[in-house]
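Visitor: I would like to go through the charged pairs and the nonpolar packing here. Could we begin with the structure itself?
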Amino acid sequence: QVRLVESGGGLVQAGGSLRLSCAASGSSFSLNRMAWYRQAPGKQRELVATITSGGSTKYADSVKGRFTISRDNAKNTVYLQMNSLKAEDTGVYYCAADRRLFSGSYDYWGQGTQVTVSS
């Protein structure tokens with residue numbers, strides 16, 4: 001049973017930074033894709049950033065240049081460095097992972113961590 005546990009959320013002022021972590025456990029196979037999603041109050045969950053086991057990354061336009069996704073394959077951990085935070089970055093941030101390299105969905109999800117940016 002794959003388990004994803006996020007940490008690092010909190011309250012930060014606009015312009016500040018936070019670093020989220022997501023540790024995966026219980027996987028006997030490589031999690032070839034990992035990602036961060038977020039959901040703001042009253043809105044649908046949206047993709048923030050993705051990373052493959054080879055290090056290829058993609059970002060939502062709204063976070064390009066401010067957020068950086070990275071991963072430590074040896075530790076099965078993915079990170080999201082968030083800089084220059086804005087009030088609109090507020091939401092619950094979810095980690096997702098999947099063994100498939102080519103797929104539009106993710107099989108495994110964390111419980112989420114709250115990020116609140118005060119303006």
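Visitor: Does Asp98 count as buried or exposed?
Guide: The model is a predicted one. In it, Asp98 counts as buried, with a relative accessibility of 0%.

Visitor: Which side chain does Asp98 meet in a salt bridge?
Guide: The partner is Arg100, and the N to O distance is 2.7 Å. Salt bridges with shared partners join Asp98 and Arg100 with Arg33 and Asp107 in one network.

Visitor: And how accessible is Arg100?
Guide: Arg100 has a relative accessible area of 33%.

Visitor: What does Arg38 pair with?
Guide: Arg38 forms a salt bridge with Glu46, and their closest N and O atoms lie 2.6 Å apart. Arg38 is buried, at a relative accessible area of 5%, whereas Glu46 is partly exposed, at 33%.

Visitor: Which residue does Arg66 pair with?
Guide: Arg66 forms a salt bridge with Asp89, with 2.7 Å between the closest N and O atoms. Arg66 lies in the loop between strand 6 (57–59) and strand 7 (67–72), and Asp89 in the loop between strand 8 (77–82) and strand 9 (91–98), so the pair ties together parts 23 residues apart in sequence.

Visitor: Are those two buried or exposed?
Guide: Arg66 and Asp89 are both buried.

Visitor: Changing topic: how many residues are in the largest nonpolar core?
Guide: That core has 26 residues, and those with the most contacts inside it are Trp36, Leu80, Met82 and Tyr93.

Visitor: Which strands supply at least two residues each?
Guide: They are strand 3 (18–25), strand 4 (33–39), strand 5 (46–52), strand 7, strand 8, strand 9 and strand 11 (113–118). Strand 3 gives the most, with four residues.

Visitor: What does Leu80 touch, not counting residues up to four places away in sequence?
Guide: With those neighbours left out, Leu80 touches Leu18, Arg19, Leu20, Trp36, Val48, Ala49, Phe67, Thr68, Ile69 and Tyr93. Two of these partners, Trp36 and Tyr93, are themselves named among the residues with the most contacts inside the core.

Visitor: Which residues does the second, separate core include?
Guide: The second core has five residues, among them Tyr37, Tyr94, Ala96 and Tyr106.

Definitions and conventions:
Residues are numbered from 1 along each chain as its sequence is written. This is a predicted model: local features need pLDDT of at least 70, side-chain atom pairs count only at pLDDT 80 or more; totals for chains, interfaces and linings use all residues. Side-chain values use heavy atoms; hydrogens and water are left out. A salt bridge is a side-chain nitrogen of Lys or Arg within 4 Å of a carboxyl oxygen of Asp or Glu. Buried means under 20% relative accessible area, exposed over 50%, partly exposed in between (1.4 Å probe, protein chains only). A nonpolar core is a set of buried Ala, Val, Leu, Ile, Met, Phe, Trp, Tyr and Cys residues joined through side-chain atoms within 4.5 Å. Contact means heavy atoms within 4.5 Å.
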